[in-house]
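User: I'm new to this one. Can you walk me through it?

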Amino acid sequence: MPPAPDPADFRRAIALVPTAVTVVTAPGANGPSGATANAVVSLSLEPPLMLVALDQSSRTLASLRSAGAFGVSVLAAGQAELALRFATKDPHPVKWDSVAWSELAGVPAIDGAAVSIACELRDLLDGGDHAIVTGEVVEIRIGDEGVEPLIFSRGEYRPLG
């Protein structure tokens, strides 16, 4: 068997794969919590399920576990600043300061997002240094027509087009 790939090589290889930029959210004891994530995919149509991967030490993961629910806001092309803000280790109140949001089925959803999806927690699985979270979709909000999603590719945030 060949040796295991070097983590830095793996990171460089995966950086070539464009992904949607999302903020995974959950209601928290002291207000909303959220973290930028790109390991987010639809998992099933029947029933409608989402899959999210969050760092095991994520405070948003702790809020999600406690609430039993989470949201996925797929950021729009003009929301790169929010992607950077929610990628920090700043306290959640700092991350959410001046961010327009509303509730979607009881979870925070970022206003102006291309799509927001609210989920009820279904599974928490071990995924190495991340937790694999699945949730059943309970509500969807689609943004304004013509809103393009923000993507992450080659280490940069970019519009889809």
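Analyst: We'll go through the core, the strands and the surface in turn.

User: Go ahead. What kind of model is it?

Analyst: This is a predicted model: local features need pLDDT of at least 70, side-chain atom pairs count only at pLDDT 80 or more, and totals for chains, interfaces and linings use all residues. Residues are numbered from 1 along each chain as its sequence is written, and side-chain values use heavy atoms, with hydrogens and water left out.

User: Which residues touch the most other members of the largest nonpolar core?

Analyst: Val24, Val40, Val52, Leu54, Leu64 and Phe70, out of 18 residues in that core. A nonpolar core here is a set of buried Ala, Val, Leu, Ile, Met, Phe, Trp, Tyr and Cys residues joined through side-chain atoms within 4.5 Å. Buried means under 20% relative accessible area, exposed over 50%, and partly exposed in between (1.4 Å probe, protein chains only).

User: Which elements supply at least two residues each?

Analyst: Strand 2 (22-28), strand 5 (48-55), helix 2 (59-67), strand 6 (69-74), strand 9 (115-127) and strand 10 (130-142). Helices (H or I, at least four residues) and strands (E, at least two) are DSSP runs, numbered from the N terminus.

User: What does valine 24 touch?

Analyst: Leaving out residues up to four places away in sequence, its contacts include Val40, Val52, Leu54, Leu64 and Phe70. Contact means heavy atoms within 4.5 Å. There is also a second, separate core of 10 residues, with Val21, Leu75, Phe86 and Leu150 among them.

User: Back to strand 6. How many of its residues are buried?

Analyst: Six of its six. Both faces are covered: Ala69, Gly71 and Ser73 lie on one side, and Phe70, Val72 and Val74 on the other.

User: Which way does strand 6 run against strand 2?

Analyst: Antiparallel, with four bridges joining strand 2 to strand 6. Valine 24 stands opposite valine 72 there. Strand 6 also pairs with strand 9 in the antiparallel sense, over six bridges. In that pair, serine 73 faces serine 116. Two strands pair if DSSP finds at least two bridges between them.

User: What's the order in the open sheet of three strands?

Analyst: The order is 1-11-12, and the pairing is antiparallel. Strand 1 (19-20) and strand 12 (156-159) are at the edges with a single partner strand each, so one side of each has no neighbour in the sheet. Strand 1 meets strand 11 (residues 150-153) over two bridges. Threonine 19 has phenylalanine 152 as its bridge partner in strand 11.

User: Switching to charges. How many salt bridges are there?

Analyst: Five, counting a side-chain nitrogen of Lys or Arg within 4 Å of a carboxyl oxygen of Asp or Glu. One of them links aspartate 9 and arginine 12 at 2.1 Å, N to O. Both residues lie in helix 1, three residues apart, about one turn of the helix.

User: Last one. Where is phenylalanine 10, and is it buried or exposed?

Analyst: Phenylalanine 10 sits in helix 1 (residues 7-14). Phenylalanine 10 is exposed, because its relative accessible area is 53%.
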